Amino acid sequence: MRAVQCQQWGGPELLTVAELPLPEPGPGQVRIKVAAAGVNFPDLLIIQNKYQMQPPLPFTPGAEVAGEITAVGEGVTGLKPGMKVAALCMIGGFAEECLAAAAACMPLPPGVPATLAAAFVLAYGTSWHALRDRAELKAGETVLILGAAGGVGLAAVEIAKAIGATVIAAASSEAKLAVCTEHGADHTINYSEADLRAEVKKLTEGRGPDVIFDPVGGRFAEPAFRSIGWRGRYLVIGFADGEVPSLPMNLPLLKGASLVGVFWGEFAKREPKNNAAGMAELMGWVAGGQLRPRVSHQYSLEEVPQALRDMGERKVVGKVVVVPG
Ligand SMILES: NC(=O)c1ccc[n+]([C@@H]2O[C@H](COP(=O)([O-])OP(=O)(O)OC[C@H]3O[C@@H](n4cnc5c(N)ncnc54)[C@H](OP(=O)(O)O)[C@@H]3O)[C@@H](O)[C@H]2O)c1
């Protein structure tokens, strides 16, 4: 089978496509013929050895897939060859076939396209865990979402609207903000042109948002935190900007506010029942039409370096996927 290979730590240009033997599922694992694999920012971090998980070299990147089960390992019950699933594999997804733990597979409802399923679990799972579980966002509250046209950002826009919150979407261009509005955002801020704090103050009539969702970090984190409302919850999602920001500790004190860490992969592993409840709620919202995941581009295996470059250069809107076939 063909698979993308990371043979040395570094940028996307170092990735190659190699012919590898089919992987054999071990106990508790399944093998999946990949119809589509979601591209996520952590893929870009993993190949540069900048992520919290460090797989031994060489390895195939690609954290989530959708496709058909082709083999099952010892002890797997409830899944069999021929079944269509979405799965979180963490690595191995940018390949014609990959392995995943049976426990990390979700059977696909009939009619759900693989390209959509492969773009769903990680982004929507993260944003659900952040907004619903960690911040306990309520209907009527206001949430500010940074990097709102990105993968987890656009998922957060839709989930916050499904909860009944007012959404302020912040992103770096008018074209990205137009997409956020299309997906339900009530207000927008172009933070590459406008002053983020001043705009947030104006839009919230001085109260500040109840919740801030931050997958960007860097230079926006402190002004965003300074604009948070009383008893606000600031969700630390990630650092797409590349810089891990620091905050003066008096800021949470002054607003009676909380700095709330979000690590969805660990949550899904440690609290599988709570994660399954989240997925069930998300599926209900998909069925009800409140969530409309946006897959804006498809790449081949050979184009994986381009997909990751596009992500690093802020060119991706919503989600993009790799289609090995
Ligand atoms: N905590 C968790 O459990 C968890 C789970 C999944 C992902 N994450 C993290 O969340 C972040 C976003 O992931 P994603 O998959 O949604 O990525 P994405 O689709 O690329 O979105 C990231 C957004 O960040 C903004 N950005 C600002 N500076 C950037 C830069 N220098 N390079 C790239 N983007 C930049 C971009 O929006 P603008 O151009 O509008 O600024 C972009 O849309 C990453 O840091 C990722 O590691 C965390």
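Tutor: Gladly! Let us begin with the overall layout: the centres of domain 1 and domain 2, taken over C-alpha atoms, are separated by 28 Å. Domain 1 covers 2-120 + 295-322, and domain 2 covers 122-265; such bounds come from an automatic or database domain assignment. Please keep in mind that this is a predicted model, where local features need pLDDT of at least 70, side-chain atom pairs count only at pLDDT 80 or more, and totals for chains, interfaces and linings use all residues. Residues are numbered from 1 along each chain as its sequence is written, and side-chain values use heavy atoms, with hydrogens and water left out.

Student: How many residues of domain 1 are in contact with domain 2?

Tutor: There are 14 residues of domain 1 in contact with 15 residues of domain 2. Contact means heavy atoms within 4.5 Å.

Student: What makes the radius of gyration agree with a compact globule?

Tutor: The radius is taken over C-alpha atoms, and the globule rule is 2.2 Å times the number of residues to the power 0.38. For 325 residues the rule gives a value near 20 Å, and the protein has 20 Å, so the two agree. Along the principal axes, the C-alpha atoms fill a box of roughly 60 × 40 × 35 Å.

Student: How many helices and strands does the protein have?

Tutor: It has 11 helices and 15 strands. These are DSSP runs numbered from the N terminus: helices are H or I with at least four residues, strands are E with at least two.

Student: Why is C98 called buried?

Tutor: Buried means under 20% relative accessible area, exposed means over 50%, and partly exposed is in between (1.4 Å probe, protein chains only). C98 has a relative accessible area of 1%, so it is buried. C180, at 0%, counts as buried too. In the protein, 50% of the 325 residues count as buried.

Student: Why is the pair of W9 and F59 called tilted?

Tutor: Rings of Phe, Tyr and Trp (its six-membered ring) pair if their centres lie within 6.5 Å; planes under 30 degrees apart count as stacked, over 60 as edge-to-face and the rest as tilted. The structure holds four aromatic pairs. For W9 and F59 the centres are 5.9 Å apart and the planes are at 45 degrees, so the pair is tilted. W9 lies in the loop between β1 and β2 (16-19) and F59 in the loop between α1 and β4, so the pair ties together parts that are 50 residues apart in sequence. F59, at 4% relative accessibility, counts as buried.

Student: What is the pair of Y191 and F220 called?

Tutor: That aromatic pair is stacked: its centres are 4.1 Å apart, with 20 degrees between the planes. Both Y191 and F220 are buried.

Student: What is the phi of N49?

Tutor: Phi of N49 is near 60 degrees, a positive value in a residue other than glycine. Most residues other than glycine have a negative phi, and most peptide bonds are trans. The peptide bond from L57 to P58 is cis, with omega near -15 degrees. N49 lies in the loop between α1 and β4, and P58 lies in the loop between α1 and β4.
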